[in-house]
Amino acid sequence: MLSIIEQIKQGKLWDFHGGIHPAENKKISNQSPIVSAGIPQELVLPLKQHIGSKGDIIVSVGDKVQKGQALTQGDIAMCVPVHAPTSGTVIAIEQRTTAHPSGLSDLCIVLHPDHTDTWGKKKTYADYQDRDPAELIETIRLSGIAGLGGAGFPTARKLQGGLGNVDILIINAAECEPYITADDRLMRDYAEEVIEGVRILRHIISPKLTIIGIEDNKPEAIKALEQHVTEADNILIRVVPTKYPSGSSKQLVKILTGREVPSQSRSTSVGVIMQNIGTAFAIKRAIIDGEPLIERVVTLTGEAFKKRGNVFAMLGTPIAYLLDKFGYKADKKHPRVIIGGSLMGFTLPHSNVPITKITNCILAPKRKELPLHTYEMACIRCSACADVCPSSLLPQQLQWYAKDQNYDKCEEYNLQDCIECGACAYVCPSEIPLVQYYRQAKAEIWARSQDEMNAERARQRFEAKQARMERDKAERENRFKKAADSRRDEMAKTGGNDAVAAAIARVKAKQAAAKADTAEVKPAVAAAIAKAKAKQAASAQGATSESQPDNSEMAKLREERKRQARERKAEKEATANNQPAAENDSKKDAVAAAVARAKARKAAQQTGTQAEVEAENVDPKKAAVAAAVARAKARKAAQQAETKAESAPEPVVEAENVDPKKAAVAAAVARAKARKAAQQAAKEQQNIEED
């Protein structure tokens with residue numbers, strides 16, 4: 001049985017599932033050679049023009065740059081730099097709308113050309129056959145080359161992945177999409193440089209077989225390539241039937257080798273590496289001529305263009321500049337400008353969008369030339385989409401799940417294998433924009449996967465931090481332990497343990513002595529506390545006895561006043577009958593008052609004597625405090641008595657020798673009782689009224 005390579009050399013071809021045959025519309029743009037588009041007044045260079053990460057900006061606003069000078073840089077294989085397409089001045093670094101289906105803006109470097117087109121320093125490798133492949137791959141990366149077929153995958157990264165892993169190199173020259181003729185004219189006009197680029201790729205990869213796959217609708221390009229291919233090159237030019245999308249990577253591998261690339265895998269997994277014909281041309285310019293990727297071939301086509309053809313357009317050239325220069329006349333009812341072909345292209349939001357590394361066509365159709373499909377209808381389940389799908393998917397089910405935002409089901413049905421060729425939408429009788437649903441679903445799935453990756457990285461960082469903290473803690477503890485052990489060992493060697501033990505013993509002895517002193521002092525402290533409590537009790541008893549004076553004399557005086565009041569009343573009643581009786585009563589009252597005063601003096605003397613006896617057995621300080629309190633109370637009582645005496649009626653009989661203090665006290669007590677009696681009488685009266 002013949003091997004795959006032997007079968008290929010004998011001219012065997014395979015086929016892939018599905019595919020369509022739309023109108024090609026290529027002759028309107030491939031009849032004239034490639035021309036230069038010129039230098040516009042402004043170049044807008046997005047930092048991201050490829051699959052991968054952006055580079056770091058290495059210029060500033062106001063810097064003057066030369067043609068071919070790098071404007072960004074990056075150290076990873078998935079990052080390719082952007083270069084100045086011509087000499088000029090950087091006038092801005094800002095957000096501008098880029099060539100993307102979303103119509104969103106991205107960070108761009110805006111360059112104002114000086115129209116001198118002055119080249120910077122070039123580094124060439126005319127002797128590339130004597131160079132190491134790794135050195136050439138790095139030169140390709142630094143030249144900013146990415147796949148020019150439309151995917152934009154960094155070429156250097158793809159070449160690195162293919163070193164030693166592939167046995168077949170395929171150069172994709174199929175260019176199957178309608179309207180696009182950039183590769184066709186490039187092969188016609190620059191066939192020698194294209195073949196030289198293929199030779200450089202062969203030197204880097206060292207494959208067993210190199211195949212240029214080209215559709216049979218490009219006879220002029222086929223002849224041009226055959227003129228520059230020799231037997232020593234070991235390059236096969238294989239013509240394949242025209243069928244869309246035969247130019248897709250997986251489909252072309254299937255046609256030329258019969259190998260089928262697994263789901264969500266690249267062609268290198270089956271021993272095949274593929275490069276575009278435009279990429280080979282750019283590699284030749286970078287290695288042989290030392291020119292980075294600063295321009296590319298762009299097809300200008302569609303009936304709205306007066307001048308149709310292919311041009312070398314500088315990267316960053318505004319599409320509006322190309323439209324004006326090549327006679328664009330917009331359709332009156334439905335003006336449209338599409339980047340890409342009629343099946344895989346997308347409509348621009350406006351014309352101030354720059355040319356990038358993956359821009360291969362500007363299509364400006366009239367309404368009748370490319371009708372609008374704006375009337376989406378319900379799916380009739382005709383299965384036409386599944387019949388033409390080149391990836392053998394189920395577009396109908398994918399559209400249902402994408403529309404329902406059931407992204408798990410979309411992944412289950414291998415949405416990522418969709419190449420967005422548009423064949424399903426082309427044959428759909430209900431005019432359902434299937435590719436739009438797939439693109440939206442892919443973007444959402446990608447965003448969710450990024451969120452999950454970020455969350456996983458955050459978790460890993462957190463766990464790493466926790467582990468690091470635990471390690472640091474353990475290391476500190478080990479250091480402290482080792483330091484303590486070393487100190488103990490050192491003290492043991494120098495006798496330091498004896499000194500430490502002696503110090504500890506001294507401290508313990510001091511603590512024991514303090515406890516002993518405390519035990520000896522305790523009985524004395526208890527006795528002092530007992531004495532203080534006894535004094536406090538005696539003082540409290542004395543204060544209680546002083547605060548409660550003997551009121552017997554006051555009671556006698558009160559009874560005496562009552563008796564005198566009764567006698568005065570009786571005297572008033574008997575005045576008219578017996579005057580002498582009144583005189584006798586007055587004498588009796590005077591005698592009684594004198595007797596009362598005598599008794600009061602005697603009681604005061606007895607009270608004072610008793611107080612002196614008690615004072616002998618009382619603490620002098622306590623006695624002084626009690627005396628001061630008594631004097632203060634007496635002064636206060638005297639003041640109150642004087643205040644009340646001014647409004648009180650004078651007694652009928654005045655005692656000449658009565659003690660003023662005693663009299664004041666008696667008056668105060670009498671007034672208090674009178675107030676109490678009045679309050680009780682008022683309360684009883686109130687109760688009677690309520691009853």
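**Entry 1: the whole chain**

I started with burial: of the 691 residues of the chain, 38% count as buried (buried means under 20% relative accessible area, exposed over 50%, partly exposed in between, with a 1.4 Å probe and protein chains only). This is a predicted model, so to speak of local features I need pLDDT of at least 70, and side-chain atom pairs count only at pLDDT 80 or more, while totals for chains, interfaces and linings use all residues. Residues are numbered from 1 along each chain as its sequence is written, and side-chain values use heavy atoms, with hydrogens and water left out.

I find 19 helices and 16 strands in the chain (DSSP runs numbered from the N terminus: helices are H or I with at least four residues, strands E with at least two). Of the contacts with a separation of 6 or more, 75% come from residues 24 or more positions apart (contact means heavy atoms within 4.5 Å).

I looked up the open sheet of 4 strands with parallel pairing, and its order is 10-9-8-11 (two strands pair if DSSP finds at least two bridges between them). Its edge strands are strand 10 and strand 11 (272-276), each pairing on one side only. The twist averages 25° from one strand to the next.

Strand 8 (residues 168-172) pairs with strand 9 in the parallel sense over 5 bridges, and Ile170 stands opposite Ile211 in strand 9. Strand 9 (residues 209-215) is also joined to strand 10 (residues 235-240), in parallel, by 6 bridges. I noted Val240 in strand 10 as the bridge partner of Glu215. From strand 9 the chain crosses through helix 6 (residues 219-228) to strand 10, a right-handed β-α-β crossover (right-handed if, with the strands pointing away from the viewer, the path from the first strand over the helix to the second runs clockwise).

**Entry 2: Thr257**

Is Thr257 buried or exposed? Thr257 is buried, with a relative accessible area of 0%, and it lies in helix 7 (residues 249-257). Leaving out residues up to four places away in sequence, Thr257 touches Ile4, Ile8, Trp14, Ile168, Ile170 and Val272. I also checked Lys12: 245 residues from Thr257 in sequence, but 8.5 Å away in space, C-alpha to C-alpha.

Another open sheet of 4 strands has antiparallel pairing and the order 2-7-6-4. Strand 2 (43-46) and strand 4 (64-65) are the edges, each pairing on one side only. Strand 6 (residues 88-97) and strand 7 (residues 105-113) pair over 9 bridges, and Val90 has Leu111 in strand 7 as its bridge partner.

Most residues other than glycine have a negative phi, and most peptide bonds are trans. I therefore wrote down the exceptions.

- The peptide bond from Tyr244 to Pro245 is cis, with omega near 5°; Pro245 is in the loop between strand 10 and helix 7.
- Ser206 is not a glycine, yet has a positive phi of about 55°. Ser206 lies in the loop between helix 5 (191-205) and strand 9 and is exposed, at 53% relative accessible area.
- Glu431 has a positive phi near 55°. Glu431 sits in the loop between helix 13 (423-427) and helix 14 (434-494) and counts as partly exposed at 25% relative accessibility.

How values were computed. Axes are lines fitted to C-alpha atoms, for helices over the stretch in contact, and angles run from 0 to 180 degrees between N-to-C directions.
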